[in-house]
Amino acid sequence: MSTTPRPDSAALTPRNVSALLQDTTPWLSCDECFDRVDSYAEALVHDPTYRDEAMAAHLRGCAACDEEAESLLRLLDGR
Amino acid sequence: MTAVSRDEQRSNTSVSSPPSDVPGPMDWVAALTGGGPEQASALRELHALMLRAAAHQVWRMRPALPDPSPSAVDVIVNQAADEAMTALLAKLHTFEGRSRFTTWAFKFAILQAATEVRRLQWQHREVELRDLDVPSAPRHEDPELYAEGNDLAAAVAAAMRGVLTPYQRRIAIALLVDGIPIDVLADRLGTNRGALYKTLHDLRVRLRTELTTNGYLPVHPANPPNPAPSDASSRISPTPTAGTP
């Protein structure tokens with residue numbers, strides 16, 4: 001069984017720092033994200049400039065929800 | 001006309017706000033709960049939708065699979081579709097028609113398939129909850145290399161030691177440095193994605209407050225410094241970062 005890869009312990013990378021300092025306000029939970037992601041994706045397909053700050057903040061901060069939202073959007077787009 | 005074709009017909013009219021004068025999204029609910037041949041037909045159509053969305057998701061994540069062969073993918077897709085359909089039917093009463101039913105259904109299959117792929121990706125890997133092991137003092141052997149970015153990284157490490165609990169540090173390292181998927185970590189810790197994300201949100205607020213107090217972040221920043229390279233193809237969020245070291 002392999003173990004979690006250890007990063008260079010000398011420093012946090014810029015990407016680590018960015019992830020740690022990501023502004024995830026306004027607060028939105030993963031459950032709330034799941035509740036809203038279908039209408040959010042449809043709104044984005046209809047209008048690519050559509051903004052939902054709470055959803056955008058959550059998706060910036062949660063890679064799993066972001067992957068699933070992006071996937072739903074692409075499925076609706078037929079890509 | 002089937003429930004699917006009614007829903008598809010609406011999609012030609014409006015994506016985000018189905019008109020109220022044509023058969024509405026609740027037709028699916030009626031068909032799926034009404035009994036008789038129409039229910040059996042609706043269940044078959046729903047399963048086809050689940051398969052379509054699950055396949056879409058698994059093929060997106062296929063490179064992450066230990067066995068990416070088409071036959072292995074098929075097994076995952078079918079299992080995810082079955083489980084997603086069960087989850088959807090249990091929540092059918094919560095469908096409010098804010099999106100098309102098909103879109104609402106897709107998200108169940110996408111969640112189930114993505115979670116399963118991540119689980120398989122990590123099934124033979126040990127998940128280690130470790131504390132921060134970066135040096136507490138910055139190294140000044142080469143001042144040229146010790147630029148603003150390193151200074152910020154050192155400040156973040158100091159803030160992690162100063163304002164985060166050991167548990168918060170371990171969750172932050174696991175998710176944001178070691179890149180363990182949030183649902184994999186939740187499963188190993190016997191918790192759930194939502195609880196871990198709440199921990200992540202809280203610790204980020206603490207770090208940002210500390211870094212702002214110490215002058216490393218502006219008082220009302222729109223974005224953190226040193227933004228991670230964004231996926232140019234992502235239209236959903238500008239800079240998804242969590243769990244992607």
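**A walk through a two-chain predicted model**

Along its sequence, chain A runs β-α-α-α-α. That is four helices and one strand. Helices (H or I, at least four residues) and strands (E, at least two) are DSSP runs, numbered from the N terminus. This is a predicted model, in which local features need pLDDT of at least 70 and side-chain atom pairs count only at pLDDT 80 or more, while totals for chains, interfaces and linings use all residues. Residues are numbered from 1 along each chain as its sequence is written, and chains are lettered from A and ligands numbered from 1 in the order in which they are written.

Start with confidence. The score pLDDT is the predictor's confidence in each residue, from 0 to 100. Chain A has a mean pLDDT of 90, and 86% of its residues reach 70 or more. Among the elements of chain A, H2(A) has the highest mean, 98. Strand E1 (residues 2-3) of chain A has the lowest, 51. Over residues 5-9 of chain A the pLDDT is below 50, and this stretch has six contacts in the model beyond near neighbours in sequence. Two residues are in contact if their C-beta atoms, placed from the backbone, lie within 7 Å. Where pLDDT is low, the predicted coordinates should not be read in detail. For the complex, the predictor gives an ipTM of 0.89 and a pTM of 0.82.

Now look inside chain A. Of its 79 residues, 52% count as buried. A residue is buried if 20 or more other C-beta atoms lie within 10 Å of its own, exposed if 12 or fewer, and partly exposed in between; C-beta atoms are placed from the backbone. Among contacts in chain A between residues at least 6 apart in sequence, 75% join residues at least 24 apart.

One peptide bond deserves a look. Most peptide bonds are trans. From Thr25(A) to Pro26(A), the bond is cis, with omega near 0°. Pro26(A) sits in the loop between helix H1 (14-20) and H2 of chain A.

Move on to helix H3 (residues 53-61) of chain A. Here Met55(A), His58(A), Leu59(A), Arg60(A) and Gly61(A) are buried. What do the buried residues of H3(A) pack against? In chain A, they pack against helix H2 (30-46) and helix H4 (63-77). In chain B, they pack against helix H9 (193-213).

Two helices of chain A also meet helix H5 (residues 101-122) of chain B. Two packed helices are described by the angle between their axes and the distance between the axes. Axes are lines fitted to C-alpha atoms, for helices over the stretch in contact, and angles run from 0 to 180 degrees between N-to-C directions.

Take H2(A) and H5(B). Their axes are 9 Å apart, and the angle is about 125°. The two helices are therefore oblique to each other. Angles under 35 degrees count as roughly parallel, over 145 as roughly antiparallel, 65 to 115 as roughly perpendicular and the rest as oblique. From H2(A) come Phe34(A), Val37(A), Asp38(A), Ala41(A) and Glu42(A). They meet Thr103(B), Trp104(B), Lys107(B) and Leu111(B) of H5(B). By class, this contact of H2(A) with H5(B) has five nonpolar, one polar and three charged residues. Ala, Val, Leu, Ile, Met, Phe, Trp, Tyr, Cys and Pro count as nonpolar, Asp, Glu, Lys and Arg as charged, and the others, Gly among them, as polar.

Next come H4(A) and H5(B). Their axes come within 10 Å and cross at roughly 135°. H4(A) and H5(B) are therefore oblique to each other. Residues of H4(A) in this contact include Ala64(A), Glu67(A) and Leu72(A). By class, the contact of H4(A) with H5(B) has eight nonpolar, two polar and three charged residues.

Turn to chain B itself. It has nine helices and one strand, in the order α-α-α-α-α-β-α-α-α-α. Of its 245 residues, 39% count as buried. Its mean pLDDT is 82, and 73% of its residues reach 70 or more. Over residues 1-25 of chain B the pLDDT is below 50, yet the stretch has 36 contacts in the model beyond near neighbours in sequence. Residues 225-233 of chain B also stay under 50.

Finish at Ala186(B), in helix H8 (residues 182-189) of chain B. Is Ala186(B) buried or exposed? Ala186(B) counts as buried because it has 20 C-beta neighbours inside 10 Å. Leaving aside neighbours within four places in sequence, Ala186(B) is in contact with Thr191(B), Asn192(B), Arg193(B) and Leu196(B).
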